Amino acid sequence: MLRIFVSSTFNDMHVERDCLEDVQQDLNAQFLEAGEKIEFIDLRWGICTEELDEEARNKEVLEGCFSAIEKSDYLLVFLGNRYGSLKSYNEVLGYLGKKKTDILFKESSVGKSITELEVTYAQLVKGFDSNNTIVCIRDELEVEEKAQKFISNFASNKAYEKSILRYTN
């Protein structure tokens, strides 16, 4: 089984992540002939933190991310306009220990996003490189153009159209 860890900010990459379900089915149909299977590891649904306090939530998120990367063969990164929520040196230190945390922060204790920490961890700790890392960058202009086209196809009411435009911007 080939495991592909999916890294992105959670709040703005739902469409891209949702498309992976179809991609996984298509790829598995092709890979089945070779006796191989692909699994996308998407932690949107895999980490439950609702009942936890902030410290326990941070630990659970970091633990889930880093342990999933350890079990992965590939890294798929979606980048857009958001940087994501920040984790401090001390928050990461509490889970990874000094040696790995120092590698991730490279002498800087400035907070880093979980997405940046995931990518850095995969590269510097796990040893991923361009052979097993794929980075997809969203073209925000293209997204806006598609949203405008979608709205013009379905919105007949100008007030409704304006409210949708505010929501998508």
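Start by selecting glutamate 116, which counts as partly exposed at 29% relative accessibility. Keep in mind as you go that this is a predicted model.

**Stop 1**

The cut-off for a salt bridge is 4 Å. Lysine 112 has a relative accessible area of 14%, so this residue is buried, while glutamate 116 is partly exposed.

**Stop 2: along helix H5**

Next, select residues 114–125, which make up helix H5. Which residues of H5 are buried? Colour Ile114, Thr115, Leu117, Glu118, Val119, Thr120, Tyr121 and Ala122 to see them. Then step just past the end of H5 to glycine 127, where phi is positive, at about 90°.

**Stop 3**

Move to helix H4, residues 98–105, and show the side chains of lysine 98 and aspartate 102. They meet in a salt bridge with an N to O distance of 2.9 Å. An α-helix has 3.6 residues a turn, so residues three or four places apart point the same way.

**Stop 3: a pair across the sequence**

Select glutamate 16 and arginine 138 together. Their salt bridge has its closest N and O atoms 2.9 Å apart. What does this pair tie together? Glutamate 16 sits in helix H1 (residues 14–31), and arginine 138 sits in the loop between strand E6 (133–137) and helix H6 (140–154), so the bridge links parts that are 122 residues apart in sequence. Glutamate 16 counts as buried, with a relative accessibility of 19%. The pairs you have visited are among the 5 salt bridges that the structure holds.

**Stop 4: the whole chain**

Finally, zoom out and switch to a cartoon view. The chain has 7 helices and 6 strands, and along the sequence they follow the pattern β-α-β-α-β-β-α-α-β-α-β-α-α. How many of the contacts between residues at least 6 apart in sequence join residues at least 24 apart? The share is 72%. Of the 169 residues, 34% count as buried. With the surface shown again, you are looking at about 11100 Å² of accessible area, 51% of which belongs to carbon and sulfur atoms.

Notes
Residues are numbered from 1 along each chain as its sequence is written. This is a predicted model: local features need pLDDT of at least 70, side-chain atom pairs count only at pLDDT 80 or more; totals for chains, interfaces and linings use all residues. Side-chain values use heavy atoms; hydrogens and water are left out. A salt bridge is a side-chain nitrogen of Lys or Arg within 4 Å of a carboxyl oxygen of Asp or Glu. Helices (H or I, at least four residues) and strands (E, at least two) are DSSP runs, numbered from the N terminus. Buried means under 20% relative accessible area, exposed over 50%, partly exposed in between (1.4 Å probe, protein chains only). Contact means heavy atoms within 4.5 Å. Accessible areas come from the Shrake-Rupley method with a 1.4 Å probe; for residues, only the protein chains shown count as cover.
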